Amino acid sequence: MSQNETLWEQVLDWSNILLAWRKARKGKTNHDAVRAFGFNLEYELADIRQELREHTYLPGPFRQFTVRDRKTRLISAAPFRDRVVQHALLNVVGPILNRRFIRDSYASQVGKGVHLAVRRYQQWANRYTYALKLDVQRYFDSMDHRLLHEKLARALDDADVLWLFDRIIDSSPEPLRPCPVPGPGEDLVDLMERRTGLPLGNLTSQFFGNLYLDDFDHKLKETFGISAYLRYVDDFILLGDDKAQLRSWCESIERLLAKERLKIHPSKKLLIPVRCGLDVLGYRVFPHSIRLSRGSGYRFQRRLKAWAREYGKGDLELADVKPRIAGWIGHAIQADSLQLRRKILHRVYFVRGGAAR
């Protein structure tokens, strides 16, 4: 792709569309919809390209299902061709806007992620006395469409790219548990006229989760001068030596979030000494050690036994189980968990036609 091409021309570039298909199919090659798409690949990609070029593209209906893992979440899975479109868009626009984000925003960005965020927190926990942890209440259900459109328009100067982003946002299903935050002087009628909520499961929703609070992040870092601040989607952590200062920052954060039509979860404000250990993205982090968060090992052991039972009945193959186990080990190995891993993995056997232990 030429550097002289507009963003939209780069999105429509055939090599970008092909790369988007490859990314969208990764790990899903056995799905019927992915196979059917690949069977008519050239026609399907050309059709997508033409619809985008002519602005006739419309996202398809979501397949929605509920996941219950400590909390209930409504997952909205877009059709495969829509996932191809989202990859094509973010292949081009994502790296440009990612450069705007603060260093300590860690979600859904190449070279960042949970483990780096945990290590960054531990680094600060060795320098500061107290940690303040906050959580946005129903973040994805609450994101305001009008504000999101405005944020994108300020960040991008390409009408065609903005059209596609708007089309994706406007296709969002109604949130499972809407949590609208009124603006000054607004009533219920005003709130009903404003659409909120983005679908969990959309690739673009992860990106919007970073973008929506980017201005907020910069204000905390640059205007308030909070050096020890990190964000992972809707989780905030601030550190300092002065509890009164941290409480003052918390009040300022709540006022700033109100302008974004968001609010802090009232039961998830936590201000503690770092020596007590803080739950950070699935780990319990102390200044000099990292443990798995409470219940993590128990939940995995329960799933492992269930997989062993399914394998014993012939309902599951080892090829399906191995990546799941490797995923948990990859998570657990970041903590001081050697004895726990041995204890769990040595107790469960996979025997075809036999009872799981």
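I count a charge as sitting over a ring if NZ of Lys or CZ of Arg is within 6 Å of the ring centre and within 35 degrees of the ring normal.

**Entry 1. Charges over rings.** The model I examined is predicted. I looked up lysines placed over aromatic faces and noted K112 over the face of Y106, 5.7 Å from the ring centre. I also recorded K151, which lies over the face of Y212 at 5.0 Å from the ring centre.

**Entry 2. Aromatic pairs.** I then turned to ring pairs and found 13 aromatic pairs in the structure. One of them joins W8 and W163 edge-to-face, with 6.2 Å centre to centre and 90° between the planes. I located W8 in helix 1 (residues 7-12) and W163 in helix 9 (residues 159-170), so this pair ties together parts 155 residues apart in sequence. I checked the burial of each partner. W8 has a relative accessible area of 6% and is buried; W163, at 15% relative accessibility, also counts as buried.

**Entry 3. A phenylalanine pair.** I next inspected F37 and F80, which pair edge-to-face at 5.0 Å centre to centre, with 75° between the planes. I placed F37 in helix 3 (residues 32-39) and F80 in helix 5 (residues 80-98); the two are 43 residues apart, and their pair links distant parts of the chain. I noted both F37 and F80 as buried.

**Entry 4. A ring cluster.** Finally, I traced ring pairs that link F101, F165, F207 and F208 into a cluster.

Technical notes
Residues numbered from 1 in each chain as written. Predicted model: local features only at pLDDT ≥ 70, side-chain atom pairs only at ≥ 80, totals over all residues. Heavy atoms only, no water. Phe/Tyr/Trp six-rings, centres within 6.5 Å; stacked < 30°, edge-to-face > 60°. Helix = DSSP H or I, 4+ residues; strand = E, 2+ residues; numbered from the N terminus. Buried < 20%, exposed > 50% of the residue type's maximum accessible area, 1.4 Å probe, protein only.
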